[in-house]
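Could you walk me through the interior of this model?

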Amino acid sequence: MNNIIIEPLQGSWQALATQPSPDSSIMAEIVTEILADVQLNGDAALARYSLKFDKYVPTSFLVSDSEIIAAEDEVAEELKAAISVAKKNIEKFHKAQLPGKVKKITTAEGVQCWRQYVPIETVGLYIPGGTAPLFSTLLMLAIPAKIAGCKNIIICTPAGKQGIIHPAIRYTAQILGLKNIYKVGGAQAIAAMAYGTESIPGVDKIFGPGNNWVTQAKKMVSMGETSIDMLAGPSELAVYADESCIPSFVAADLLSQAEHGPDSQVVLVAKNLGIVEKVAIELNFQLDLLSRRKIANQSLIHSRFIVIEDEENAFNFLNFYAPEHLIIASEKAKKLSSNVINAGSVFLGNYSSESSGDYASGTNHSLPTGGAAKTYSGVSVDSFVKKITFQKISKKGIKNIGTSVEIMAQAEGLDAHRNAISIRLKSLDNEQIQS
């Protein structure tokens, strides 16, 4: 294993935290063409890209009711049961995020202010379906959208060469009561949801991870009127491990993230070299047993195995890295967690596997990557609502704050702002004189 780094100096942290990235200039040029084509030509453009990239052209982009119902018989009972467990836990966790009773605040006598949560009316969910059909992502996005009260939920996901969407995705949509599912993937799916086509309605906000082409498309449409959840890049996992870790568990966690894709990144920060060596032995053994070992092995090439003895310095590095997922593989994980400032989702202790959060613990697996956890949170019910502020000002209220507003408006040279207050204060003075 050549990528072992011992006590890296702070000046090298940026290089250690950098992920491999494709040539975005070429990608941006191609995606720009796709977006413009779909915006101009709608379904005709989608059909061309389906044939070019997915080798099929559906007779209808909309998944029929019969296709959704058929999934009931196509999914194994044990998988249905597992999806049911995940659905229950995700619902329980996300329902707890609903805001409580609206609190009205009196900021001055006669001046009342409050904030109200209003669901985004129409949202689009992109569900990857390439090398791995991520029906779990449908649970993670659709459940908080429904809890938030979004009126229209649109789903785009690529289909196989026969034009059939994976049965687990169709089954999950069925148990969630979702019907607006469309057979389209890639950058063209993002374009369809952003601009609308003859078949696919345009949406207000797009959610969901995807490959580099999908991410580039989301980035570009977000510069217009369509909002997005975040720019989720390649998956990443950091593990902090001390002497109380279980090396076989740590290796399994690293591989679970490495198998996502060749551009995924895993980072082990260990208290000493002996821990790294024990994990490396387990990695090599477990890697040979994986069906996706070729992908995982490519990911491990640009991953990092770092030795930092001092705990405080180790977490300083981890906070600089700001990983999408962070596992603290230690018997004192709860205590160590107080050091965490930047991370998408944190897993405490030897039995808190990252896979649990990906599927069934209840937390959301749509998380910020590429250091974005320094300022962004993962998807939640909050992601599907907007917060509108209200204020109600009485006659007494305008008297109490009016003069202050007039003075401030005058200082900024905004006469119309000042006049909007002055005209009200004068009308109240006239009322007083007449009474």
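Predicted model: local features only at pLDDT ≥ 70, side-chain atom pairs only at ≥ 80, totals over all residues.

Below is a short tour, from the cavity to the cysteines.

Residues are numbered from 1 along each chain as its sequence is written, and side-chain values use heavy atoms, with hydrogens and water left out.

The structure has 1 cavity of 30 Å³ or more, and the largest cavity holds about 40 Å³. A cavity here is a set of points, on a 1 Å grid over the protein atoms alone, where a 1.4 Å probe fits but cannot get out; lining residues have an atom within 4 Å of a point. Grid points are joined across faces, edges and corners, and the volume is the space filled by probe spheres set on the points.

Who lines the largest cavity? The lining is made of Val239, Phe249, Val250, Asp253, Ile327, Ala329, Gly349 and Asn350. By class that gives 5 nonpolar, 2 polar and 1 charged residues (Ala, Val, Leu, Ile, Met, Phe, Trp, Tyr, Cys and Pro count as nonpolar, Asp, Glu, Lys and Arg as charged, and the others, Gly among them, as polar). Helix H10 (247-258) and strand S12 (325-329) each bring at least two of the lining residues, and H10 has the largest share, with 3 residues. Helices (H or I, at least four residues) and strands (E, at least two) are DSSP runs, numbered from the N terminus.

Next comes helix H8 (residues 186-195). It's largely enclosed by the rest of the structure, because 9 of its 10 residues are buried. Buried means under 20% relative accessible area, exposed over 50%, and partly exposed in between (1.4 Å probe, protein chains only). Among the buried ones in H8 are Gln188, Ile190 and Met193. The cover over the buried residues of H8 includes helix H2 (24-41), H3, strand S4 (122-126), strand S5 (152-157), strand S7 (205-207) and helix H9 (212-221).

Most residues other than glycine have a negative phi. Here are two that go the other way.

| Residue | Phi | Relative accessible area |
|---|---|---|
| Lysine 55 | positive, about 65° | 55%, exposed |
| Alanine 322 | positive, about 50° | 0%, buried |

Lysine 55 belongs to the loop between helix H3 (43-54) and helix H4 (65-74), while alanine 322 is in the loop between helix H13 (311-321) and S12.

Further along, isoleucine 398 is part of helix H16 (residues 395-411). Is isoleucine 398 buried or exposed? It counts as buried, because its relative accessibility is 10%. Leaving out residues up to four places away in sequence, isoleucine 398 touches Ile393, Ile421, Arg424, Leu425 and Leu428 (contact means heavy atoms within 4.5 Å). Isoleucine 421 is 23 residues away along the chain, with 7.8 Å between the two C-alpha atoms.

Last, the cysteines. There are 0 disulfides in the structure, a disulfide being a pair of cysteine sulfur atoms within 2.5 Å. For cysteine 156, the nearest cysteine sulfur is that of cysteine 150, 16 Å away. Cysteine 156 is buried at 0% relative accessible area, and cysteine 245 is buried at 10%.

Conventions:
1 Å grid on protein atoms, 1.4 Å probe; cavity = no way out; pocket = protein on both sides within 12 Å on 5 of 7 lines; lining within 4 Å.
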